[in-house]
Amino acid sequence: MREFVRVTLCVVLLPLAMIVPAPQARAQDRTQGRSMVISRRGVVSAENPLAAQAGATVLAHGGNAVDATIATNAVMGVVEPMMNGIGGDLFAIVYDAKTGKLYGLNASGWAPAGLSIEFLKSKGIAKMPEDGIQSVTVPGAVDGWSKLLARFGTKKFPEVLAPAIYYAREGFPVPEWDAAYWADAVSFLKQDKNAAATYLLDGHSPQVGEIFRNPDLAHSLEAIASGGRDAYYKGGSAQSIVALSARLGGTMTLQDLADY
């Protein structure tokens, strides 16, 4: 079920370096609660601090903005499964400061070849569904990662996916915003035994501070780290996606995934 989380990701990649030379530094207004963020290699912004930390660590180890963004994005797919994931899409805007050029990547997925208007009408569906198996498209995020690394990155999948794999396998404490989303989805998740087994803890949604682990997602990410994008689109993940699609009455085939 986790492979079918269909969320559009928008990633803006900027080679930021927030450097303040000592002579120009000014004391921050102490009425504010936060200190200035000063970095030699750059800063990373993400909704979850674990994801931002992953990206910042990649920068600290010599990676560039693209490397850091993929690491950040991958962790977000673990720590906020209702918002991101390897089953979704990816759009990226990359600005190269050295050349002044702007690049765009559309890694959104197309519909399965068998998902025709005629097929939907045969199922009594008059308009494009917004949920359920017939709303699922070929996931583009993993191929988007691969394209970005090949064109702009300096790191490989094993390094940029390592933080996401760690948090998926070892777990992370659930923050309050995630807990609220999860609580609203309990009845929906219970409709599928695999979704319930993956995302619920003894039948209830994870509470604030509880440790949530997703070993199946860790396994999928490890496969991508070792085998690249083909491990996802032509390997075990593809087979699992197609099998689940068939069980739920969908039209996704191995060819749909392999052709992406």
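**A helix and its two partners**

Author: H2 passes H6 in a right-handed crossing, meaning that the near helix is turned clockwise from the far one by less than a right angle. Helices here are DSSP runs of H or I with at least four residues, numbered from the N terminus. The model is predicted; local features need pLDDT of at least 70, side-chain atom pairs count only at pLDDT 80 or more, and totals for chains, interfaces and linings use all residues. Residues are numbered from 1 along each chain as its sequence is written, and side-chain values use heavy atoms, leaving out hydrogens and water.

Helix H2 covers residues 65–79. Its axis and that of H6 lie 8 Å apart, at an angle of about 15°. Axes are lines fitted to C-alpha atoms over the stretch in contact, with angles from 0 to 180 degrees between N-to-C directions. That makes H2 roughly parallel to H6 (under 35 degrees; over 145 is roughly antiparallel). Ala-74, Val-75 and Val-78 in H2 meet Pro-163, Ala-164, Tyr-167 and Ala-168 in H6, with contact meaning heavy atoms within 4.5 Å. By class, this contact has seven nonpolar residues, no polar and no charged. Nonpolar means Ala, Val, Leu, Ile, Met, Phe, Trp, Tyr, Cys and Pro; charged means Asp, Glu, Lys and Arg; the others, Gly among them, are polar.

Now the other partner. H6 (residues 162–170) and H10 (residues 215–227) have axes that come within 7 Å and cross at roughly 155°. That makes H6 roughly antiparallel to H10. From H6, Ala-164, Ile-165, Ala-168 and Arg-169 take part. Their partners in H10 include Leu-217, His-219 and Glu-222. The contact of H6 with H10 has eight nonpolar, one polar and two charged residues.

Technical notes
Helix = DSSP H or I, 4+ residues; strand = E, 2+ residues; numbered from the N terminus. Parallel < 35°, antiparallel > 145°, perpendicular 65-115°, else oblique.
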